Structure formats: structure tokens, C-alpha cells
Amino acid sequence: MAHKLDFDQDLIKKYDKSGPRYTSYPTAPQFSAEYTAETLQTAIERSNTEMIPKPLSLYVHIPFCDTICYYCACNKIITKDHSVSAEYIDLLEQEIKMLAPLFDPDRELEQLHFGGGTPTFLNYDETVRLMGIIEENFEISDQCEMSIEIDPRKASDETLRLLVNTGFNRVSFGVQDFDPRVQKAVNRIQSFELVRDRMQTARDMGVQSVNMDLIYGLPLQTVESFGLTLDKAIELKPDRLSVFNYAHLPERFKPQRRINAEDLPSPAEKLAIMELTNNKLQEAGYVFIGMDHFALEQDSMVKAQQQGTLQRNFQGYSTHADADLIGVGVSSIGSVCESYYQNSSKMDEYRELVLAGRLPVVRGLKMSEEDLLRKEVINQLICHFYLDKRQLEDRWQISFDEYFAGEIEELGAMVKDGLLSMDEHSIQVEDKGRLLIRNICMVFDAYLRDNVVQFSKVI
Ligand code: SF4
């Protein structure tokens with residue numbers, strides 16, 4: 001049965017505190033410079049010797065955008081100059097040529113994702129060249145899930161045709177809001193007609209799955225205006241919808257200083273927008289997957305959640321089995337053999353390291369046994385709203401209630417608030433707790449005690 005949401009304003013207000021989104025556990029702030037390129041090389045060697053080496057997933061970061069969205073908190077470079085992207089593809093080629101041979105050649109690429117920035121900043125020839133580099137260096141599985149983030153303003157018929165012909169079968173459209181006033185206030189102007197046309201063209205060309213990103217909490221948004229945006233989104237019927245919460249942190253993200261704080265919706269208004277979003281999307285047949293994600297009832301993500309096979313990784317939720325993730329490009333994160341690594345986020349440093357023939361890894365983390373156990377607990381809860389204690393006990397040779405005695409005590413208050421229920425076999429997140437899943441996961445996060453302030457809030 002599909003998960004339902006119970007929107008309880010008072011509870012959401014009560015639990016509104018900063019917390020991680022758990023696209024990894026431990027989370028990125030725990031990465032340290034002790035993890036070097038050599039550590040990654042050793043991890044890759046170990047991953048090749050596992051009884052059944054995992055398939056591979058490749059993330060390619062394209063950091064360029066030709067205009068700036070004022071809400072942006074991404075690692076990007078604003079430019080219209082394609083000589084910089086041409087040079088960047090040279091660097092990606094060198095990085096891929098260093099990395100790919102370290103993996104056993106029979107390990108196929110089962111997932112490929114282009115993220116940004118704006119991956120469709122690359123022109124036709126650049127995209128062809130980049131795909132050629134990937135095809136030369138990796139064995140791409142026939143079943144490979146290939147996905148890309150698309151800026152509707154940068155997606156001509158030619159670009160979409162190329163992506164489909166190259167094998168991209170999932171596309172994600174950045175929309176954020178359809179209201180022209182809001183679009184003007186965040187400097188991202190793209191008409192409903194343009195988005196409708198680009199989505200339809202992608203579908204007509206054979207793209208299997210379309211995702212749309214929206215953001216609530218942007219300047220000049222009201223319950224009424226966002227309601228209209230949701231109606232338009234529903235009319236276009238994307239297979240999946242992500243509705244992110246805008247966190248206004250102008251001291252950290254320079255572009256956000258161009259947003260007038262007085263234009264931002266109040267916390268009460270944001271909460272009302274959130275409630276409306278959940279109601280409208282569920283009425284329109286979308287299932288709440290977790291965090292900010294919704295999918296149509298028949299989507300593979302809903303099926304994976306029902307079957308207990310849903311995963312969580314740096315791209316959010318995924319229906320693919322656990323793979324070793326290779327991240328290439330400036331600031332990219334990867335995960336190989338129980339460790340995480342991250343490339344330099346500074347273009348100059350990234351370039352310098354690659355040109356010196358070194359992997360541009362500058363930080364990371366080797367997971368301990370305890371990290372792995374807690375990661376499994378958090379993943380089960382965040383993906384399935386359910387935790388099977390017995391299964392964990394068998395696998396980890398622990399008594400769950402003894403090992404997590406402190407956590408169970410802490411969860412007591414949430415049980416009283418109706419967020420979850422517990423018995424000797426399991427923890428079950430209730431309808432009221434689904435929107436607050438990250439608060440529940442935070443109880444099992446051993447690193448969090450002193451670190452909460454650097455994460456965004458639930459509302
Ligand atoms: S939000 Fe996306 S498209 Fe806009 S500036 Fe940031 S990275 Fe570029």
C-alpha cells in the first residue's frame with residue numbers, strides 16, 4: 001500500500017530544527033583531508049577483490065551556467081565562454097583516464113548521471129566528446145540508467161535528440177516555480193509553455209522518465225501562487241516530482257544576497273505551502289517517497305519502496321542496487337568500498353592536481369563498522385519508514401535494544417507524539433512521522449550532537 005502523509009502543523013513546528021538530508025552517512029561535514037588519492041586507490045583495489053564486485057555508477061559534474069539563479073547554493077561557474085568548458089572536458093578526460101583503469105574491466109557501468117551547474121550548458125560537440133570519453137573508458141551496461149539535469153532554457157531539439165540517441169533515458173527539469181513574478185525575483189525566467197514544450201519533446205523522442213524540480217520558500221511566493229504552480233506541474237504529469245525547501249543563507253551563498261529577505265514567505269506561510277503541496281500532490285495520484293520526493297503510483301520508485309529495495313545516495317533516492325559510485329569533476333563526491341571521497345571544489349586546485357597527473361581527491365572518510373551499522377539503520381528508516389530489528393541483529397551480531405539503548409530512550413518522546421511505534425521486532429514510522437523522517441534518523445547519527453547548525457531546516 002502507498003505511504004500516506006498526515007500533515008500535523010504543530011508537530012512540524014515542534015520538530016523544526018536543522019538536520020542533514022542523509023544522502024550519505026556519515027555526512028559530508030565529517031570528511032577529512034586524511035583521506036587522500038592513495039586512500040581512494042586502495043579502496044578501489046579492495047572493491048575489485050570483493051566476492052562479487054559491485055557494479056559501477058558514474059557521476060559527472062558540469063559546473064557551468066550561463067546565467068545565475070539567485071537562490072543558488074550549488075558549486076557552479078557563471079560564464080558564456082565555451083573555451084572554459086572545452087578545457088574542462090580535457091581535464092575530465094585526464095581524470096577519467098586515471099580512474100577508470102583502476103577498476104576491473106568487467107565491472108559494468110549501470111548508472112550514469114550528469115549533474116551541475118547546468119549539464120546542458122555543453123554544446124552538441126562537447127556532449128558528443130564527453131560521451132565518447134566515457135564510452136572509451138567504461139563498459140556501459142545495456143541496462144544502464146542514464147540521467148541528466150536539464151535547464152529547459154538550454155535544451156534545443158538538437159540537444160534533446162542527441163541525449164536520447166546517446167542513451168539518456170531519464171531527464172530532470174529544473175522548474176522551481178511557474179509564477180513570472182517569482183521567476184523574476186530569482187532571475188530564472190522560463191515560461192510554462194517552454195517547459196511544457198521541452199518536456200513533451202523529450203517524451204516524444206522516447207525519454208522514459210521525467211522528473212521536475214520545484215522549490216518552495218522563494219521570494220514573492222504565496223499559498224495561492226504556489227497552488228497555481230502545482231496545478232501547472234500536475235498538468236504536465238512528471239513521473240517524479242521533487243519539491244525542495246529554499247534555505248536563505250546569504251552569508252554563505254553570495255547569489256542569495258540579491259534576494260530581498262522581506263519578499264520571502266513567513267514560516268507560517270511556508271508551512272501552509274508545504275501542506276498544500278502534500279495535499280495537492282497526493283490528490284493528483286503522487287505518492288510521498290520521503291524527504292522532498294514524490295512519484296506517480298506506477299513509477300519504479302514507488303514499487304522499489306513497496307518491495308523494500310529502495311536506496312539512498314548522493315542523488316537522493318535510487319531504485320538501483322548498491323553500486324560503487326565514481327564522482328568525476330570539480331567538487332564531485334564518490335563512494336567506493338565503504339568509503340567516501342570528494343574532489344577539490346576549487347577549480348584552480350582541481351585543474352592543478354589533474355594536470356600534475358594526480359587524482360583530484362582532497363577529502364573523504366573511511367567508514368568504521370559502527371558507521372556502517374548506523375548507515376544501514378538510517379537507510380532503512382529513510383527509504384522504507386520501517387526498521388527490521390531482527391534482520392539487523394542477525395547481520396551485525398548485536399542485540400538492537402542493548403546497542404541502541406540510548407537512542408530507544410530518545411525515541412520515546414517521538415512515540416508519545418505519534419511519530420513512530422516500536423515493538424521488540426521493529427520500528428515503524430507512522431503517517432505523522434513521515435515528513436519528520438530526518439528528525440528520526442538524526443537520533444541514530446553519532447556525529448550530530450555538536451554539529452546541527454550547519455544543516456538546513458525542515459521548514
Ligand atoms: S541553480 Fe542551477 S542553474 Fe541556477 S545558477 Fe545554480 S547551478 Fe546554475
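Biologist: Before we start, how are residues numbered, and what pLDDT do local features need?

Modeller: Numbering starts from 1 along each chain as its sequence is written. Since you ask about this predicted model, side-chain atom pairs count only at pLDDT 80 or more, totals for chains, interfaces and linings use all residues, and local features need pLDDT of at least 70.

Biologist: Which element gives the most to the side of domain 1 that touches domain 2?

Modeller: The chain splits into domain 1 (1–26 + 368–459) and domain 2 (28–328), with bounds from an automatic or database domain assignment. Their contact takes 24 residues from domain 1 and 27 residues from domain 2, where contact needs C-beta atoms, placed from the backbone, within 7 Å. On the domain 1 side, α1 (9–14), α12 (369–384) and α16 (437–443) give two or more residues; helices are DSSP runs (H or I, at least four residues), as strands are (E, at least two), numbered from the N terminus. With 4 residues, the top giver is α12.

Biologist: How far apart do the C-alpha centres of the two domains lie?

Modeller: Take the C-alpha centres of domain 1 and domain 2: they lie apart by a computed distance. That distance is 26 Å.

Biologist: Which residue in β6 is the bridge partner of I150?

Modeller: Strand β5 (residues 140–150) pairs in the parallel sense with β4 (residues 109–116) over 5 bridges, pairing being at least two DSSP bridges between strands. β5 also pairs in the parallel sense with β6 (residues 170–176), over 4 bridges. In β6, the partner of I150 is F173.

Technical notes: Contact = placed C-beta atoms within 7 Å.
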